[in-house]
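Hi everyone, thanks for coming. Please have a look at the structure on the screen, and then I'll walk you through a few parts of it.

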Amino acid sequence: MTRKQLIQLFEDSKVRTVWDDQEEKWYFSIVDVCWVLVDSKDYQTARKYWNKLKERLRKEGNESVTNCHQLKMRAADGKNYKTDVADTEQLFRLIQSIPSPKAEPFKQWMASVAAQRIDQMQDPELNFDQAYVDYRRLGYSDKWINQRLRSIEVRKELTDEWDRAGLTDQQQYASLTDIITRGWSGKSTRQYKQFKGLKKESLRDNMTNIELALNTLAEASTTEISKAHNPKGYTQSADVARQGGKIAGDARKQLEQRIGHSVISRAKAADFLPPADDVQQISNSEEDL
C-alpha cells in the first residue's frame, strides 16, 4: 500500500491530502478544511473549532466522526504528526454541520479533486501533468521537474522489463534497484539516504540534477541491456542491473575526475525548497488531536 501526501489548493487556501492507492480514495485533513470554512487567519481557531465540533457530533452519535481515523501528515516543522482525516464521503457529511458560505464551493472542489484522480489513473499523461503541478507547488525548479518526470518514465520502462523477465515481487524490485544504485553511486540505497539525512522521504525527490541524471542513465542502460540480452529470472536480471549501474558509475567517475570533486551530494530538497511554514501555517501540536 502506498500513500502519497499532497497539498491541494482551494482558492488561496492549502489543504493537506493523502491519496491511498489501495483504497483508491483521497483523505483530507479535517482541521485544514475547518480552517478554510471558518475563514480565520488563525490556524489555532480552526483547531479549537474542530475539537468542539468533534465533541458535539460524538454526543449526537454522528458516524462521520465515530468512523473518522488518523493519518500522519507533515506539519510546519517538517515532521509528520497524526491528524484527523476524512474521506470524501465523510467530509461531505461533516461539512453539513459547518455553517459557512464556502461550504458549497468547497464541496464542488472536493468532487473535482476526486474526479481528477480517477481521470489520471485512466490517462498516464494526466498523471505527468499533475506531478508537474505538485512538484511546482513544492518549489522545485522547472529544470529539475523535467528531469524528474523523465526519470519516472524511464523507471516505468525498467519495471516493465523486469516484469517481462518474470519478476513481480516488490522485494526483488527493491534488491535490483539497490544493485543499480550501488553500481553508479558507490552506496546502497539505505546508505545513500543516510548520507543525505533522509528517513522515509523519497531518495529521488532529494537528488540534485546531476545525481538524478546519473540515476536515470543507470536505469535506462539497464533497460536497454535487458532488452538486448533477454534475461530470465532474478539472477540474470541482477547481472544486467550491475552492468547498467556500472555504465553510469564509470560516467560519474570520469566527471568527478574532470571537476575535482564528488557529485554525490548531501544536499536534499529541504536545503533548496521553501521552508514548511511558507507552505502553510500548521500547528506543531497536532499530535494531540
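Let's start with helix H10, where Glu211, Leu212, Leu214, Asn215, Thr216, Ala218, Glu219, Ser221, Thr222, Thr223, Ile225 and Ser226 are buried. Buried here means under 20% relative accessible area, exposed means over 50%, and partly exposed is in between, using a 1.4 Å probe and protein chains only. Helices (H or I, at least four residues) and strands (E, at least two) are DSSP runs, numbered from the N terminus.

Before going on, a word on the source: this is a predicted model, so local features need pLDDT of at least 70 and side-chain atom pairs count only at pLDDT 80 or more, while totals for chains, interfaces and linings use all residues. Residues are numbered from 1 along each chain as its sequence is written, and side-chain values use heavy atoms, with hydrogens and water left out.

Back to H10. What do its buried residues pack against? They pack against helices H7 (142-164), H8 (170-185), H9 (189-196) and H11 (233-259), where contact means heavy atoms within 4.5 Å. H10 covers residues 209-229, and its 21 residues should span 30 Å at 1.5 Å a residue; the end C-alpha atoms are 30 Å apart, which agrees. The expected span is 1.5 Å times one less than the number of residues. Just after H10, asparagine 230 takes a positive phi of about 50 degrees.

Now for charges. The structure holds 17 salt bridges, each being a side-chain nitrogen of Lys or Arg within 4 Å of a carboxyl oxygen of Asp or Glu. One of them joins lysine 196 and glutamate 211, at 3.0 Å from N to O. That pair links distant parts of the chain, with lysine 196 in helix H9 and glutamate 211 in helix H10, 15 residues apart. Are these two residues buried or exposed? Both lysine 196 and glutamate 211 are buried. Salt bridges with shared partners also join Arg155, Arg204 and Glu219 into one network.

For another salt bridge, look at arginine 93 and glutamate 89, at 3.5 Å from N to O. They are 4 residues apart in helix H4 (residues 88-95), so about one helical turn separates them. Arginine 93 is partly exposed, at 35% relative accessible area, whereas glutamate 89 is exposed, at 56%.

On to the rings. How many aromatic pairs does a search of the whole structure find? It finds 7. Rings of Phe, Tyr and Trp (its six-membered ring) pair if their centres lie within 6.5 Å; planes under 30 degrees apart count as stacked, over 60 as edge-to-face and the rest as tilted. Tyrosine 135 and tyrosine 140 have ring centres 5.3 Å apart and planes at 90 degrees, so this pair is edge-to-face. Tyrosine 135 counts as buried at 9% relative accessibility, and tyrosine 140 counts as buried at 4%.

The rings of tryptophan 162 and tyrosine 173 have centres 5.4 Å apart and planes at 55 degrees, so that pair is tilted. Because tryptophan 162 lies in helix H7 and tyrosine 173 in helix H8, the pair ties together parts that are 11 residues apart in sequence. Tryptophan 162 and tyrosine 173 are both buried. Elsewhere, Phe28, Phe106 and Trp109 form one aromatic cluster.

Last stop, strand S2 (residues 13-20): 7 of its 8 residues are buried.
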